[in-house]
Amino acid sequence: MRRAAWVMTGLMAAPAAMAAAQDVPPPAPAQEQEPAPSPAGAGGDVVEELEGEEVVVTGQLRGAVPGDVKPELILNPADIRAYGVSSITELLAELEPQTRSASGGPPVLLLSGRPISGMAEIRGIPPEAIERIDILPEEAALKLGYRADQRVVNFVLRRRFRAITAEADASFATAGGRDGQEFDFGLLRINRDGRINIEVEYERESRLLESDRDIITEALSSPFDRIGNIRGLLPNGEIDPALSALAGTLVTTAGAPAAAAAGAVPLGSFAAGANRLNQTDLSPYRTLQPQTENLAINAVLNRAIGKVSATATLRLEQSQSESLLGLPSATLTLPGANPFSPFAADTQLYRYYDQFSPLERSSNNRSLQGGFSLNGDLSPRWRWSVTGNWERSERRTLTDTGVDTLVLQSRLDAGDPAFNPFGAIPADMWAIRPADRSNSVSNVGSVNALVSGPLAKLPAGEISTSLRVAGRTNDLTAQSLRRGLFTTSDIGRDTGSVRANIDLPIASRSRAVLSALGNLSLNANVELEELSDFGTLLTYGYGANWSPIDGVRFLATFTEEEGAPSAQQLGDAVVATPNVRVFDFVRGETVDITRIEGGNPNLLASDRSAMKLGLNVRPIKNTDLSFNVDYNKSTIRNLSQGFPAVTAEIEAAFPGRFVRDGSGRLLQIDNRPVNFLRSEREEVRWGINFSKQISSPLARQRAEQMQAQRAARQAAREAAREAGQQGETPPTGERGPGEGPRRFGEGGRGPGAGFGGRGGGFRGGLGGGGANGGRFQLGLFHTIALTDRLTIREGLPVLDRLNGAAFGSRGGAPRHEVELRAGVVRDGIGLRVNADWRSATRVRGGTAGAAEELRFDDMATVNLRLFANLSPDFKFVRDNRWLAGTRITLSIDNLFDQRLRVTDETGATPLSHQPAQLDPVGRTVQISIRKMFF
């Protein structure tokens, strides 16, 4: 089949499919050849001849991104349906390995090759309404006026589509303790006047307690207990010489006997707990995952105003979460003269109070977002766009702080016989400290104007350019009340920027200009950004795009960028979280600490140098098979981030951020962001993408039906002409003489019918059902980290995160990461498998004399999704037509219930790195029922 026909047949309407007989499944073509552009990017707009099914290709594909940087991956409707997802959000999650930039930036999202105001503009669009997805490399982002650390994802919608979608999901963890529900409703209508989209989403998930996962919470380094633990205050740490004599050894700690909760006990009762701490299981009082609720309403309206496409977006979202942080605790000084103390000297008492509710944290987030986009043409070759966004976000956090020790300590000092420090607190002595509060309000507004097109002609092609002018205002106001101390911050930032890009063609095979070189173009870009609080920042870059032969493309990009820390990093409200479990590499122990988070107004601007060399190969013409190899290297100076782990090097560099008690036990970490001197990352990432149509007996049967019906209609037309009647079959949406009006989408049954007519192109088999036959997809990606180093400050050791330095709670940076995305769909039944593997790492974070090393095993997780699209191809659907358009999905995340295993040098697992602590939920099963109404 000719390339053009192979590329564009799928765009053509299938009028015959809309005249299906009532006693057989609705017909459709033998093969689904919807837009599957050639790997080289050739293709064009379609001029359809419905009678003869001829295809004329002119120019480039409808909705394509202009320029000579062609897509690395193109997905047609069959490919999209093979993912079995319900929204663009889920689709982007599935495509994350293909759309992720090595630099870490999120992809630039376009709609029909044009900029959008934000994700809210497209998130409610169902995948069935998408005609094609183009995924392009970072070089395409430059042409559109964006930075070079983002790939480009271009969604091209069908010309006509109308549907109401309802979906209900229920999920649960197979280990118990966690369940969730989600309900979605969406309405979308696309026609020549524009589109309207309304979406409502509600989601909730129950909390998951540590006790639901048998988390071990007792730690020898934790002095608190439900009855109480005693520590000595004498110069040598001794509690009482008499107690030491009874125990036969120096006693510095002792667990209180259970009888102490009922009244005074003799000194000898403490001998059994000499130099031992009582342990309290906190797992019923702490959550591994909070209880959450989220409600979002999204509305989008697009209309043509003259020759300008205008879109307005409004989104309202509210979310709430509730977490348990353990029991309230108190550290009290127990006077030797107190009637409940058998000790001669003052001692220190450490207690949890389970008579009170667990400490809670409540977070409430609300946001209101509005956006617009205007897209038009200055001339047939020049495009312009203006996008704007405004968002107000408010976050409130309320954190319990526990018992007020001042009241309790005053009663102890007074020797109150009604207050037993080892028992329950009398009701008349209850005193709860005021909760910590934090509140932040962020207002962000932005406007971006872009113009792009050809500047001049050269022998090898046109010089193309883009110019982007942007303005942004950001205001963040934050207040926090912590332990009675009120702090406030008000960070305001106004930004104006100008970015220009130019592409210069050097060689061209088609124009016979230096054709021995193939196709070669050079590009350059520069951006000046003026920040009200950081002055002028400069970003510039340059690169090359070279295709020596068909199917082979080399890309090179070099970038130098100055960047400022975000307003959140500078001014977020200060929040203290108690009872956070961490591993202290300095002492080699697990401790529960208070972690301080928030903004740091003293952060410096950063400088980033990045280089990318890429190779894209499509070895077989007209076959959807591609190989990609990327080499990436980046260096960031004055990197802003929080502490990756509690290591000796980190604490030595920032001693004021760590608080320890007299024995050296870690009590608190201030994890607000700091500037590190330099971060270096170097990696190679290669991957394979492959997609192939597969046939089925049902598809062949439907093809035969199609041919027979076409022949019958042609014979009827000829007979009508001979009889002197109007012989031409009416276009889709009309009926012949004597027939009533045809409803939109009528002509078949359920999802096998679809939307026909010129430009519609929405054929039978929603979600990969019916006559489409099937599809097989494979994506395999391997990342090899060559360098990953962090320099804290000059004179301090360089932290090699590939060889012993911590990257976070999950260990160091893995040397190897592999991602597999595979799926097959046939006659509406689909299976997708997503698998991820990362190699083992180790962390050595102690002092030079007492290095503590942890090993993090390699880990593989597999996610499985099965789905069935109920179309009239199934007999029980033909007998129960209300089922048509329904999809049932069974998803299993972490199929084999794998969790990361961490061991120390003795083979034991630290309490802070228990498998269920790092991966709380484990295997999760979700059942989804989705129904589309046309």
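How many residues in the lining of the second largest cavity are nonpolar, how many polar and how many charged?

1. The model is a predicted one, in which local features need pLDDT of at least 70 and side-chain atom pairs count only at pLDDT 80 or more, while totals for chains, interfaces and linings use all residues. Residues are numbered from 1 along each chain as its sequence is written, and side-chain values use heavy atoms, with hydrogens and water left out.

2. A cavity here is a set of points, on a 1 Å grid over the protein atoms alone, where a 1.4 Å probe fits but cannot get out, and lining residues have an atom within 4 Å of a point.

3. The lining of the second largest cavity divides into five nonpolar, four polar and four charged residues, where Ala, Val, Leu, Ile, Met, Phe, Trp, Tyr, Cys and Pro count as nonpolar, Asp, Glu, Lys and Arg as charged, and the others, Gly among them, as polar. Of its 13 lining residues, Glu-72, Arg-151, Asn-628, Asn-689 and Phe-781 are the closest to the centre of the second largest cavity. Two or more lining residues come from each of α4 (96-99), β30 (625-641) and β33 (674-694), and β33 gives the most, with four residues. Helices (H or I, at least four residues) and strands (E, at least two) are DSSP runs, numbered from the N terminus.

4. The structure also holds twelve aromatic pairs. Rings of Phe, Tyr and Trp (its six-membered ring) pair if their centres lie within 6.5 Å, and planes under 30 degrees apart count as stacked, over 60 as edge-to-face and the rest as tilted. One of these pairs, Phe-224 with Tyr-350, is edge-to-face, at 5.5 Å centre to centre and with 80 degrees between the planes. This pair links distant parts of the chain, 126 residues apart, with Phe-224 in the loop between β11 (208-209) and β12 (229-232) and Tyr-350 in strand β18 (residues 347-352). Phe-224 is buried at a relative accessible area of 16%, and Tyr-350 is buried at 11%; buried means under 20% relative accessible area, exposed over 50%, and partly exposed in between (1.4 Å probe, protein chains only).

5. Phe-270 and Phe-343 have ring centres 4.9 Å apart and planes at 65 degrees, so this pair is edge-to-face. Because Phe-270 lies in the loop between β13 (253-255) and β14 (287-289) and Phe-343 in the loop between β17 (329-334) and β18, the pair ties together parts that are 73 residues apart in sequence. Phe-270 is buried, with a relative accessible area of 0%, and Phe-343 counts as buried at 3%. Elsewhere, ring pairs link Phe-643, Phe-654, Phe-658 and Phe-676 into a cluster.

6. Which charged residues sit over rings? Arg-468 lies over the face of Tyr-146, at 4.2 Å from the ring centre, and the charged end of Lys-931 sits over the ring of Phe-933, 5.2 Å from its centre. A charge sits over a ring if NZ of Lys or CZ of Arg is within 6 Å of the ring centre and within 35 degrees of the ring normal.

7. In helix α7 (residues 405-413), Leu-408, Gln-409 and Leu-412 are buried. Seen down the axis of α7, the buried residues fall within an arc of 95 degrees, so they line one face of the helix; the arc is that of the directions from the helix axis to the C-beta atoms. The face of α7 turned away from the buried side carries Leu-406 and Asp-413, which are exposed.

8. Asp-214 is not a glycine, although its phi is positive, at about 55 degrees. Asp-214 is placed in the loop between β11 and β12 and is exposed, with a relative accessible area of 67%. Asp-827, also not a glycine, has a positive phi of about 50 degrees and lies in the loop between β36 (816-826) and β37 (829-838), where Asp-827 counts as buried at 15% relative accessibility.

Note on methods. 1 Å grid on protein atoms, 1.4 Å probe; cavity = no way out; pocket = protein on both sides within 12 Å on 5 of 7 lines; lining within 4 Å.
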